[in-house]
Amino acid sequence: MSEGTLYDKVFDAHVVGGLPTGQLQVFIGLHLIHDVTISPAFGMLREAGMRVAFPERTFATADHMVPTHSLLRPFSDQQAETLVSELERNVRQYGITFFAPGSDRHGIVHIIGPELGLTQPGMTIACGDSHTSTHGAFGAIALGVGTTEIRYLLETQTLPLDRLKVRRINVDGELQRGVYAKDVILEIIRMLGVGGGKGFAYEYGGAVVDRMTMEGRMTLCNMSIEGGALVGYVNPDDTTFAYIKGREYAPKGTAFDRAVAFWRSVASDPKAKYDHTVNLDGGKLEPMVTWGTNPGQAVGVTQRLPRLEDLPESERGTAGQAYEHMRLTPGGYLVGTPVNVAFIGSCTNGRISDLREAASILEGRHVAEGVRALVVPGSQSIKYQAEQEGLDRIFTEAGAEWRNDGCSMCLGMNPDRLIGDELCASSSNRNFVGRQGSPLGRTILMSPAMVAAAAAAGRVVDVREYAR
Amino acid sequence: MPIDDLIIVTISGTAIPLGGDDTDTDTITPADAMKEPTFANSAGYLFRDARKANPRHPLNNHAYDGASILIVGRNFGIGSSRETAPQAIQRYGINALVGESFGPIFAGTCKSLGMPAVTSAHDDVALLMQLTERNPGTIYTLDLTTKTLAYDGGAVPIEIPEPTRVALMTGSWNALAMLKANSGRAREVAAGLPYMRGFAE
């Protein structure tokens, strides 16, 4: 059993008590809300005549369904209009702070939490969205929950939880140029499997993670759930504190100094005990691409796609189906595969550094003929920053569309969708069948720089040959 | 609801041999299901795209109509936290799932809905699949007391996290009442957290 890890310290500090079932009741310091998965929870709350227990610790945005091409109300999608209106009514009635679409603090829930300084080390954070693990980048225990659990949160600000085991994942060495946090997490999921994290919290560390920016750490933690780990985190350090300092909801003045002392104290002890440790040489990584229909079906861009007989017997069935859906050949290469759509954005890779990397590839180049390229900033603040830096002009001059912030083409809940069997080079997190809004659509996950290079080439390429 | 109606000890009925590994919740219910304001219509989205694409999908086979147990493979319910997935399965008429393993958020939500998602060894799951494929009328009884799934002529052992088993057998799988009972203590714990006090001295 783990001892002295951040997970142990933060979890223990939030335990309210044992439940008769043997589970633990845990206080959740920050509850984040978005426009889907929430309506039935508020419905039940209203029916029961109850109030929100901690409205001051509950914050809402609308990101999944909002269109990125126009914010005119009512939205052209009647269902989106209904759900967003309902959310607006609920936040008003229950006194919850709402970052409205179009306002300068609006954005994807997992992007604005950190951006506003709401996300802090040592917290427990929950949201009705699996990518809540993103917030673990700050040294918080952050997890996604279903709608019934959202109801628990609204009414009690607590959850019934089982204690997880802790797996330390060391990424040592130094990443090559053109290799990013996205590639690190895709390799971890490939190595450990989409179910490999079952029952574990992942603690990421090692030289590569120590040197990583907060944005990189967020990408890393974001996809923990794709590896089956409900929770993923990085121990807070000076990089973390520097990121938080001065943000709207961050402690100010001497309170900030006291906060830093507390935040340092929740980091895993040097002698912490882990349930399991995995080591990875970051220097050996190359840009990763997925070839299948789950994020674990990935390979280095110069590598041959696995032949079915190279895979463990238990994985051949899904691999065969994945190849059939993707219309790719086992044993072949992904490089050269023509792409129809390029998507840069999402809670995984819609941050300013992602846009900068993509812009550095697209500057002076043009999106290949016949390719639809979409660049969607993760928040209004990122959109503003990118426009200050002139990144929007680089994208539009290259022939890409520069959109408003939102979840966009990550998940097919708004007008940004694949059509038919289009193949999309995507900086998002899931390549599941139908994920991007078309049942026949095909997704190849990769870093934003790789997506930009694919957009320019019109086919999958190795970004290292495109970097300047 | 009276507590007796919430207690889940045994579940009996026929099964659907769904099988398959790494089934994500996008596949179980596509995003369109989440655009509905309630779960009332969730069942209509259950494996919508897969059923359309494949006329031989087990859910299109009337031989399995009326089943109350869903037999699945490894890593069932991975990915998105969408509750439409377990809601759709439950509203379709399924009362329990048996498979090799489940996605973590999906498993938690199944528990909160009072729908056991139990695991069994690879070979045992394969055996159950075969039994039902050969005879769709095969009746199973899941017994949480003995941790077995029995059929005429045999039984396989099943696993379920102990707190989930206790919650189902005591009718306390909807945790709200238990959580609310400790609301005073929850406020005390909250008050002791430095960030809840704005890191005041």
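**Chain A–chain B interface and local features of chain A**

A:Pro74 sits in the loop between strand S4 (58-61) and helix H3 (78-94) of chain A. Helices (H or I, at least four residues) and strands (E, at least two) are DSSP runs, numbered from the N terminus. This is a predicted model: local features need pLDDT of at least 70, side-chain atom pairs count only at pLDDT 80 or more, and totals for chains, interfaces and linings use all residues. Side-chain values use heavy atoms, without hydrogens and water; residues are numbered from 1 along each chain as its sequence is written, chains are lettered from A and ligands numbered from 1 in the order in which they are written.

**Backbone of chain A**

- The peptide bond from A:Arg73 to A:Pro74 is cis, with omega near -10 degrees.
- A:Ser408 lies in the loop between strand S17 (401-402) and strand S18 (423-426) of chain A. Its phi is positive, near 50 degrees, and the residue is not glycine.
- Most residues other than glycine have a negative phi, and most peptide bonds are trans.

**Interface of chain B and chain A**

- In contact (heavy atoms within 4.5 Å) are 56 residues of chain B and 71 residues of chain A.
- Five salt bridges are counted between chain B and chain A. Each is a side-chain nitrogen of Lys or Arg within 4 Å of a carboxyl oxygen of Asp or Glu.
- One salt bridge joins the side chains of A:Asp77 and B:Lys35, at 2.6 Å from N to O.
- On the chain B side, helices H2 (25-28), H5 (104-112), H7 (162-169), H8 (176-181) and H9 (183-191) each give two or more residues.
- H5(B) gives the largest share, six residues.
- That side of chain B divides into 26 nonpolar, 14 polar and 16 charged residues. Ala, Val, Leu, Ile, Met, Phe, Trp, Tyr, Cys and Pro count as nonpolar, Asp, Glu, Lys and Arg as charged, and the others, Gly among them, as polar.

**Helix packing in chain A**

- A:Ile352, A:Leu355 and A:Arg356 in H13(A) meet A:Ile382, A:Gln385 and A:Ala386 in H14(A).
- By class, this contact has four nonpolar, one polar and one charged residues.
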